[in-house]
Amino acid sequence: MKGKRIVPLVACTLVGWVLGDMTTGIILGGTLEMMALGWMNVGLAMAPDTAIASVISTILVINTNQGIGEGIAIAVALAAAGQALTIFVRTMTVFLIHRADTYAEKGNMRGIEIMHITALGFQALRVMIPTFVVVMMSVDSVQAMLNGIPPVVTHGLQIGGGIIVVVGYAMVINMMSVKYLMPFFFAGFLIAAFTSFNLVGLGGMGLVGALLYIQLSPKYQPKTLTAVADGGPASLNNNDDLDA
């Protein structure tokens, strides 16, 4: 499941369909989808939990007749809380991975399948249990519970998250290990840090930069064109034809 995320537009629409208000689900899901475009895993940095944010916020908005603005505020808070829950669940699955390795050494394919299914079950319970609890509560109770988290805890998580992001970028740099592409990496980092472009805009700029690099770099030019540009045999033959 690493590198994948729940699409808010699909999740909110399905929840709205079940609750009988698909229009609200689509509107809320579309709004959350635009926000989630900027949520991604970078190295070891865990992105906010779009699954819990999408499902629970849609339930609260529809069942309590809240507005889309209130739903967005609730979704952002739930995404941050679900981020810690995701880290906890994935830490638990480490035990299952070691068990799967043991079964692999013994050639027990059935045991490996059970470990995989159990890990997926933990991921399902990660969303199902909080959703069931929230259904039994009101919006005010959920918001009060989230606001009741001590500032020292939230500030500590922010500092730890910042450190993890730095480690994630360091891992990306080590994996790239291509010196001639490093200027593009740092240029993209500076543009993302000092502008308000989302991932769609940054991706478009990266695509344009890649196309320009391929067109202008001699490394990707045909050998015949390179020989002509360098005054090689092809250009000499053309000059001889003109002299004749």
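Helices here are DSSP runs of H or I with at least four residues, and strands are E runs of at least two, numbered from the N terminus. The model is predicted: local features need pLDDT of at least 70, side-chain atom pairs count only at pLDDT 80 or more, and totals for chains, interfaces and linings use all residues. Residues are numbered from 1 along each chain as its sequence is written, and side-chain values use heavy atoms, with hydrogens and water left out.

Ile27 has 45% relative accessibility and therefore counts as partly exposed; buried means under 20% relative accessible area, exposed over 50%, and partly exposed in between (1.4 Å probe, protein chains only).

Next, display the surface of Val7, Leu9, Val10, Leu14, Trp17, Val18, Leu19, Met22 and Ile26, which make a nonpolar patch of about 820 Å². Patch residues have over 30% relative accessible area and no salt bridge, with nonpolar side chains (Val, Leu, Ile, Met, Phe, Trp, Tyr) joined within 5 Å. A salt bridge is a side-chain nitrogen of Lys or Arg within 4 Å of a carboxyl oxygen of Asp or Glu. Areas come from the Shrake-Rupley method with a 1.4 Å probe. Helix 1 (8-19) and helix 2 each supply at least two patch residues, and helix 1 gives the most, with six. Leu19, in helix 1, counts as partly exposed because its relative accessibility is 36%.

Select Val15, Ala51, Ile52, Val55, Ile56, Ile59, Leu60, Ile74, Leu78, Val127 and Val134, the 11 residues of the largest nonpolar core. Such a core is a set of buried Ala, Val, Leu, Ile, Met, Phe, Trp, Tyr and Cys residues joined through side-chain atoms within 4.5 Å. Helix 3 (50-63), helix 4 (68-106) and helix 5 (109-135) each give two or more residues to this core, and helix 3 gives the most, with six. Centre on Val55: leaving aside neighbours within four places in sequence, Val55 is in contact (heavy atoms within 4.5 Å) with Val15, Val127 and Thr131.

Finally, colour the spans 74-97, 117-139, 151-172 and 184-214, which an unreviewed UniProt entry lists as "transmembrane region"; such annotations may be inferred rather than shown by experiment. Residues 74-97 are 100% helix and 0% strand, with end C-alpha atoms 34 Å apart. Residues 184-214 are 87% helix and 0% strand, and their end C-alpha atoms lie 13 Å apart.

Key: Patch = residues over 30% accessible without salt bridge, like charges linked within 9 Å, V, L, I, M, F, W, Y side chains within 5 Å.
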